[in-house]
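Please look through the sequence and the 3D structure shown here before reading the report.

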Amino acid sequence: MAGKVISLATNASAEASRPSLSARPTGWAWLLLPGSIFLAVLFVVPLLGLLLLSLGMPDWTLAHFLRIGDSPAYATVLGTTLEISLSVTALAFVFGYPIAYVLTTGGPTLRTFLLIAVVLPYFTSVLARTFAWIVLLGRGGVINEILLQLGLVSQPVTMLYNRVGVIIGMTHIIMPLMILPMSTVMSSIDQRLLRAARASGASPLAAFLTIFLPLSLPGVIAGVLLVFIYCLGFYITPALLGGLSDLTITMEISAQVVDRLNWNFGAALSMVLLVGVLAILWIGSRFFPIEQLLGFSDGKSGSDATPRRQLGTRWLMHVGSAANALDRWLPSMGGRGVVILASFLAVLLLLPVLIVAYLSFSSSPYFVFPVPGYSLGNYQAYLSDTLWMSATFASIRVALMAAGMATVLGAMLAFGLSRGRIRGRSAIVALVLSPIIMPTVIVAVATYFLLVRVGLQGTEFGLALGHAVHAIPFVVVIVVANLRDLNPAYERAARSLGAGPLATFRTIIAPLVMPAFIVAAFFAFLTSFDDVVYVLFLGIGKVTTLPMRMWEGIKQDISPTISAVATLQMAFAAIVIIIGAVLGRRRNT
């Protein structure tokens, strides 16, 4: 999905850079209005309100920001956040690059397996995946049980509630977001360039370092920026896997807003995080046209592009010569080393969720590995518990409302962006994509302050509004991708036979795009159904959804019933992915 986000932004930016054929907006462009107003009111206005609140409105002051700078405790919190984010980003790149490489260069069967290994965890609830690592890393968890049975350790190793557990869990959760942008860029690299390099005497390593790696750098930088920004705003995993010394800025924001009701100081901390994210995006734009990711592009190149290219060419020639010499000394695995590594890493991506599914069928009233017997008791406990079922139905109601709003408004935005002609289209693309680029905690906190003022905090409808803001970008990405692939000959044929615009839309466009609408609605529903960050702020104390019930259960008493709930969530995500794949295949046949 992240790859599609980048693709959408790039294509929309390219279209926006073309000269406008008309100074006045076309009819399709008016479809941008409802969704833009919705995002402006529920995304832009809350962020502006957050800024005003951080400045002490109505008693204007910088005291809250000065407090952050004067207290060494908050400097420690910021330092911890940066250390964890940098470590996770580096590991995600190291482990993600081989998977992305094989995902674009391997055979059909291998690519299918890798795609499943990347996409299924990506659309599985973050809370479910974090719970999986609690089961794996605990003192009585799966990993310690295996180590003890093999005799590798004499007592359980502490891997939970410390920095190690946080980094492991976050790296696993964040890796798909690193892989997808890289694979998107890698798939556009012409493989004939590599074959030409090999024909010219370059070794496989030299061809990779001088051709493939430089061409894949845009995807690498985009993935690194996305992952680092996402890590800065990570809340669920550090809160559940970290110890007292692993307090991050998002955890401190939550404590100030929810526990201490110190709205002004919580808003100031949120603004510090937001400014940090914007600064990272600006720094990234110095090295990579990150404006393409956000929807801004002028299509101009710097005046010093040619000297840089010549310098880069000379540097790559030296790298290629060194790689050719080094290749003779490297051990050979028949050219399968990278494939084996990528396959192993893909198995590790799937393993945590598969182990949780395995343990959910245990007959034991507590977690034991391997399971002593198989039973459906955990599923029966879930279905017979009124609290679990009430939370499930609450999630369904909220997700239906959010998916309905997101699908309608997102589809209108998609048609307006694809078919409309209007000045400032790149700014609208930036507005559409920003809710999934900005840290979720910041957006949730800002929305919380807005809903409190209008009396919608703690209501299912208010929660659905927040979820819709986050789901709209995914709907736009899916629908625009399908609209871009439509054959315009169908519409021209309908017009030539006398069909008007409405008749053409009803008989040609709507049936062809309907599968995309259905898939987008499913993903919008899944986005809302699996969320826990928004409900922590927008519904805390009054709305208990299924993820919120899981959150409370994990923090208070880890019951095997949670493994059954997590497995059902993963099964639902798998069903959504399968439906999307089937509908996409039918559309292409």
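The report below treats a pair of helices, a serine and a salt bridge.

## About the model

This is a predicted model, in which local features need pLDDT of at least 70 and side-chain atom pairs count only at pLDDT 80 or more, while totals for chains, interfaces and linings use all residues. Residues are numbered from 1 along each chain as its sequence is written, and side-chain values use heavy atoms, with hydrogens and water left out.

## Helices α9 and α10

Helix α9 (residues 191-199) packs against helix α10 (residues 204-232) at an angle of about 150°, and their axes are 9 Å apart; helices here are DSSP runs of H or I with at least four residues, numbered from the N terminus, and axes are lines fitted to C-alpha atoms over the stretch in contact, with angles running from 0 to 180 degrees between N-to-C directions. The two helices, α9 and α10, are therefore roughly antiparallel, a term used for angles over 145 degrees.

In α9, the residues Gln191, Leu193, Leu194, Ala197 and Arg198 meet Pro204, Ala207, Ile211, Phe212 and Leu215 of α10, where contact means heavy atoms within 4.5 Å.

## Ser343 in helix α16

Ser343 belongs to helix α16 (residues 337-359), and a polar atom of its side chain lies 2.8 Å from the backbone oxygen of Val339. When neighbours within four places in sequence are left aside, Ser343 is in contact with Leu110, Phe113 and Leu114.

## A salt bridge

The structure holds five salt bridges, each a side-chain nitrogen of Lys or Arg within 4 Å of a carboxyl oxygen of Asp or Glu. One of them joins the side chains of Arg163 and Glu83 (3.1 Å, N to O), and this pair links distant parts of the chain, since Arg163 is in helix α8 (residues 163-186) and Glu83 in helix α4 (residues 72-105), 80 residues apart.

Notes. Angles under 35 degrees count as roughly parallel, over 145 as roughly antiparallel, 65 to 115 as roughly perpendicular and the rest as oblique. A polar contact is a pair of N or O atoms within 3.5 Å; within protein, one must be able to donate a hydrogen and the other to accept it, and residues adjacent in sequence count only if both atoms are side-chain atoms.
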